[in-house]
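Please find below a short note on the model under review.

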Amino acid sequence: MSHGIVIIGSGFAARQLVKNLRKKESHLPLTLIAADSMDEYNKPDLSHVISRGQRAADLTLQTAGDFAKQYNLRLFPQTRVTDIDAAARMVKSHDQHWPYDKLVLATGATAFVPPVPGSELMITLNSQQEYGAVQASLFDARRILIVGAGLIGTELAMDFCRAGKTVTVIDSAASILPSLMPPEISSRLQHRLTDMGVHLLLKSQLQSLEKTACGVRVRLDRERVFEVDAVIAAAGLHPETALARRAGLNINRGVVVDATLQTSDPAIYALGDCAEINGKILPFLQPILLSTLTLANTLLGQPGRLNLPPMLMKVKTEDLPLQLAGDTCRSDLQWRLETSADGMVAQGFDGEAKLRAFVVSEGKMKQAFGLLKQLSV
């Protein structure tokens, strides 16, 4: 008897895999299990909900029921998987179990909350469900602290500022977007944020949070203290690997997979934010799209290998959007920077004068695809 494919997760990676599978095979048994409602929404929209005045329900694109009907699936929403019995090929919750022929882990990632006293006061905005739980307090809040000046932190900072709130961003790094580009390249966006009124507390350490009658008291190093209405953790994501670890799979930072997205167990695969591919976690749109195409073929007996070309990534800061590609954080690159009123083009060259990375902004973003073709890999 065929048990088909069981997928744990309901995010973009899981849904895109389902769509690719159903394009080629309409009757293969497919089962999706997830701890949330399984309604479809566009996760990047969470960076813009406050300025747009959107509630969590406004983000829903398709209900779980309609998705199940359209793609001929068995769905188990609001169901937390507790264990995977890899030897028996069985997925278990506290009161149910599902046998599988092949299992796909699309468990995503959880927001990292810095472990300081009072960390339970931090809000995370990593899902529609998390946003729904705090949306009322965020709309009411006037003073916002964002912990982390990376991709999500800068997008949220600009969005809350656009909504008229007083925004402070704290990070231990000396510049914004420290894991994506050098300071001389991110400075254009950094200046725009400060011009808008965002308070950037860089090279700073959060020490504690404390609930008060009027909000949350924030303590930083150098005896700095101030008060805000809400604190948002935007200090990065941790791949969700607990299930995979209990199943005995090979784990590094994420669930380790090969070029076919197969884990150390030949019947189990992983993709999306929880997967580690070639030693990297790639929680971005294009690698996930390519991964789902590769995995769909593999699961249907047409194995191929994932090939990741140079890919564009977008920083969705609406008043000063950026696109980048390549090894933007290589310390040996020589950057050629051109700026004008309508944008920036920054190109990073190695010692052999080969283009290895670039960043473009605003009106110059139309040059991104041409530069992408010139990248040396």
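How many residues does helix H5 have, and how far does it reach from its first C-alpha to its last? Helix H5 (residues 151-162) has 12 residues and reaches 17 Å, close to the 16 Å expected at 1.5 Å a residue (1.5 Å times one less than the number of residues).

1. The model is predicted: local features need pLDDT of at least 70, side-chain atom pairs count only at pLDDT 80 or more, and totals for chains, interfaces and linings use all residues. Residues are numbered from 1 along each chain as its sequence is written, and side-chain values use heavy atoms, without hydrogens and water.

2. Helices (H or I, at least four residues) and strands (E, at least two) are DSSP runs, numbered from the N terminus. Among the buried residues are Glu155, Asp159 and Phe160. Just after H5, Gly164 takes a positive phi of about 90 degrees.

3. Glu40 lies in the loop between strand E2 (30-33) and helix H2 (49-52). Glu40 is buried, with a relative accessible area of 16%. Beyond its neighbours within four places in sequence, Glu40 is in contact (heavy atoms within 4.5 Å) with residues including Arg15, Lys19 and Gln62.

4. Five strands form an open parallel sheet in the order E3-E2-E1-E7-E19 (strands pair if DSSP finds at least two bridges between them). Strands E3 (74-76) and E19 (268-270) stand at the edges, each with a single partner strand, so one side of each is left without a neighbour in the sheet.

Technical notes: Buried < 20%, exposed > 50% of the residue type's maximum accessible area, 1.4 Å probe, protein only.
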